[in-house]
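Subject: Structure handover, salt bridges

Hello,

Here is the structure for your files. My notes on the charged pairs follow below it.

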Amino acid sequence: MHQRTVLLALFCALEVLGGIASHPAAAAEPEALAKDDLVRSIDRALDFLKNQQDRTDGSWSVSGQKNPAITSLAVMAFLSAGHVPGEGPFGEAVEKGIRWVLAQQDGNGLIASVGTYEMYHHGICTLMLAEVAGMTQGRLADEVRQKLAKAVAVILQAQRKNGDSRGGWRYRVREELDRRPPADISVTGWQIMALRAAKNVGCDVPAECIENAIGYIKRSQDQVSGGFRYLPGGRVTVPCTGTSILALEICGKNLHHCPEVLKAGAFLLREQNLPRWAGGEHFFYGLYYCSQATFQLGGNYWSTYRKRLHATLLPNQGSTGSWYGPEGIGPSYSTAMGVLALTVEYRFLPIYQRNEEPIVKPE
């Protein structure tokens, strides 16, 4: 039986047991789930992404330029829906995308195509490789783990060591090449996700690194609203609030439902902060992080956000299966981010786990 069928069957069983929120009609069996609007929307989006892939080398592009970060997001979109390398209708596309990203790694461990934003690229690519390492086996998994270890070392090297930015990350590995200030929540969120995922598959991530990152995030919270700022003393944003909640939630059990997180969760549930189509800056970025944040919080946080997420994305999907948002990065980016937001409840990606064991453990 194809692995995705097994995963969907287990997903439905968990629904019946009350494990996650879902449409009641989708809780009975895989056949019913396959007809659900959510699943059909995701499948249409994945068909679009497959058609956007370079059939020769496996990459995805932005404005005609092959891009490792967008390729990694597309790969994770397939993984998040239960499609693994080498299996099923998307197996070849997934494996080719992974191998293209692996080939982009420099000798120093960095994976990036745009120097001024290299840590964005690198963090996203490292997260993808860590997720692949947790979902595959054999020769590909071995190659991914070798490259992953080098990528993690770059993130550890790039963490800021001094001042208000201590514990955070910014655009460049070397601080002296970077713009001021030397850290922000957006870049920091990707590095924490990558490190947490890498730690889950056995990479060495020093406790001090995580502790310093937590300190930086906490310093970025606005004590009045509960939301999080782009940087300490900066402007509060919804995407940065989702990023910070998720980062704290995955950094240790002692932070689960901590006061900072619950206050920020209440901020996300305010009517003006809930999703509306193409509303606000960094729209798909916000959906990606806020869906994960509210899912980690669970309960009313997730049920409220899920309802608005579906009402926002499903009716606004294009005829090709794509979404295109105001960021201007292109439909491959926004479609991948839309899928990643919608599939958080599937829990197929290891990073999507919520204080529980993965649905299917690697053999």
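A salt bridge here is a side-chain nitrogen of Lys or Arg within 4 Å of a carboxyl oxygen of Asp or Glu. By that rule, this predicted model has 16 salt bridges. As background, side chains of opposite charge can pair when their charged atoms come close.

One group of these involves Lys-66. A salt bridge joins Lys-66 to Asp-54, with 3.8 Å between the closest N and O atoms. This pair connects distant parts of the chain: Lys-66 lies in strand β2 (residues 65–66), while Asp-54 sits in the loop between α3 (37–52) and β1 (61–62), 12 residues apart. Lys-66 also forms a salt bridge with Asp-57, where the closest N and O atoms are 2.4 Å apart. Together, Asp-54, Asp-57 and Lys-66 make up a network of salt bridges.

As for accessibility, Lys-66 has a relative accessible area of 41%, so the residue counts as partly exposed. Asp-54 is partly exposed too, at 25% relative accessibility.

Another pair to look at is Arg-99 with Glu-143, a salt bridge whose closest N and O atoms are 3.2 Å apart. This one also links distant parts of the chain, since Arg-99 belongs to helix α5 (residues 91–103) and Glu-143 to helix α7 (residues 139–158), with the two residues 44 apart. Arg-99 is partly exposed at a relative accessible area of 35%, and Glu-143 is partly exposed at 31%.

Regards

Definitions and conventions. Residues numbered from 1 in each chain as written. Predicted model: local features only at pLDDT ≥ 70, side-chain atom pairs only at ≥ 80, totals over all residues. Heavy atoms only, no water. Helix = DSSP H or I, 4+ residues; strand = E, 2+ residues; numbered from the N terminus. Buried < 20%, exposed > 50% of the residue type's maximum accessible area, 1.4 Å probe, protein only.
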